[in-house]
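Here's a quick briefing to read alongside the coordinates.

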Amino acid sequence: MCDLLRINTDRGVMLNDGKSRFSINGKPIYHFVGTSTFSEYTVIHVGCLAKINPLAPLDKVCVLSCGISTGLGATLNVAKPAKGSTVAVFGLGAVGLAAAEGARIAGASRIIGVDLNSNRFEEAKKFGATEFVNPKDYNKPVQEVIAEMTNGGVDRSVECTGNIDAMISAFECVHDGWGVAVLVGVPHKDAVFKTHPMNLLNERTLKGTFFGNYKPRSDLPSVVEKYMSKELEVEKFITHTVPFSEINKAFEYMLRGEGLRCIIRMEE
C-alpha cells in the first residue's frame, strides 16, 4: 500500500516536477496510471518498475501486470484455501478465472464458478472450475443455493465482479466458523455493503484486496517465475492480438464479453 504511488495513480504527470514526459504539437500527453504503456519508450517513476526474468516473453507476461495477478493473488495470498477445500468464484472474466486458477494451484477440491453468462462456463473448466451456478436459474438468493450444494457453505469465496449484490452473496455463502470471503471487484462509488451482523458474529471473515496483495516491485518477478516454471499458464488468458492501429477492436471484444485478454502490438 505505497503511499507515494497509490494516491497518485490518476495524476497523469511525473511526481518530481508535475509535468508529462510526452507531448504532441506542443500539447502534453498524460501518463496513463503513471506508466504510459502504449509507448515504445517511456519514462516512469522507479516505483512502477519491476525487474523480471530477461528470458520471459514480454508479449505473454505483460498480462500479469494487473488483472491476472489480482485474481491469482486474491486466492493464493488472501483467501489461502487449504488443499481439498471448496472455493466459490463470483464473476468469470479474466480476474475471476485467475482466482479459479489460484484455487486450482492451491489444490481446492471443488471450485464453483458463479456468473450471469452461462456461455462462460465451458471456458472456465480450463482454469480449474468444477461446477457452475447461474443466479438467474434460481428463484432464491445464490448464497442459499451454494450453501445447499456445500453442506452449509464454501470454505472460501472470491468476488470478482464489482457488483455489490455479488459481494454480499460472496460473503453470505461462506461457512460459519471458518469461511473467508475476499472482495476484489471495484464497486460503484455510491454502493453500500449490507449484511446482517450475525454473519460476522458467526465467525465468517470478510476481506478486501488490492492487486491480490502483491507488492508489484518485489513480488511480480515471482509471479513471472510461476509462468516460466509452467506452474501458471498465461497463454490461456490471451484470446486476441491486434496491432496498435486497431486498438478499438480490443475494447469491442471486452465490451461484448468475447475475450479475456487482448495483446496490443506496437508494430503494424
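A residue counts as buried when its relative accessible area is under 20%, as exposed when that value is over 50%, and as partly exposed in between. Keep in mind that this is a predicted model. With that cut-off, E101 and K236 are both buried, and their side chains meet in a salt bridge, 2.9 Å from N to O.

**Helix α4**
- Helix α4 covers residues 94-106, and its 13 residues should span 18 Å at 1.5 Å a residue; the end C-alpha atoms are 18 Å apart, so the two agree.
- Its buried residues are A94, G96, L97, A98, A99, A100, E101, G102 and A103.

- T75 sits in helix α3, and its relative accessible area is 0%, so T75 counts as buried.
- The T75 side chain reaches the backbone oxygen of A99 at 2.9 Å.
- Setting aside neighbours within four places in sequence, T75 touches K80, P81, A99, G102, A103 and V158.

**Salt bridges**
- The structure has 16 salt bridges.
- One of them links distant parts of the chain: E101 in helix α4 and K236 in the loop between α9 (216-228) and β9 are 135 residues apart.
- E131 pairs with R110, with the closest N and O atoms 2.7 Å apart. This pair also links distant parts of the chain, joining strand β5 (residues 131-133) to strand β4 across 21 residues.
- E131 has a relative accessible area of 21%, so E131 is partly exposed; R110, at 24%, is partly exposed too.
- The side chains of E148 and K140 form a salt bridge at 2.8 Å, N to O. E148 is at 57% relative accessibility and therefore counts as exposed, whereas K140, at 30%, is partly exposed.
- Salt bridges with shared partners join E101, R104, E233 and K236 into one network.

**A nonpolar surface patch**
- Which residues form a nonpolar patch on the surface? They are F38, F244 and M266, with about 260 Å² of accessible area together.
- F244 lies in the loop between β9 (238-243) and α10 (247-255), and its relative accessible area of 31% makes F244 partly exposed.

How values were computed:
Residues numbered from 1 in each chain as written. Predicted model: local features only at pLDDT ≥ 70, side-chain atom pairs only at ≥ 80, totals over all residues. Heavy atoms only, no water. Patch = residues over 30% accessible without salt bridge, like charges linked within 9 Å, V, L, I, M, F, W, Y side chains within 5 Å. Areas by Shrake-Rupley, 256 points an atom, 1.4 Å probe, with all protein chains shown as cover. Salt bridge = Lys/Arg side-chain N within 4 Å of Asp/Glu carboxyl O. Helix = DSSP H or I, 4+ residues; strand = E, 2+ residues; numbered from the N terminus. Buried < 20%, exposed > 50% of the residue type's maximum accessible area, 1.4 Å probe, protein only. Expected span 1.5 Å × (residues − 1). Polar contact = N/O pair within 3.5 Å; in protein donor to acceptor, adjacent residues only side chain to side chain. Contact = heavy atoms within 4.5 Å.
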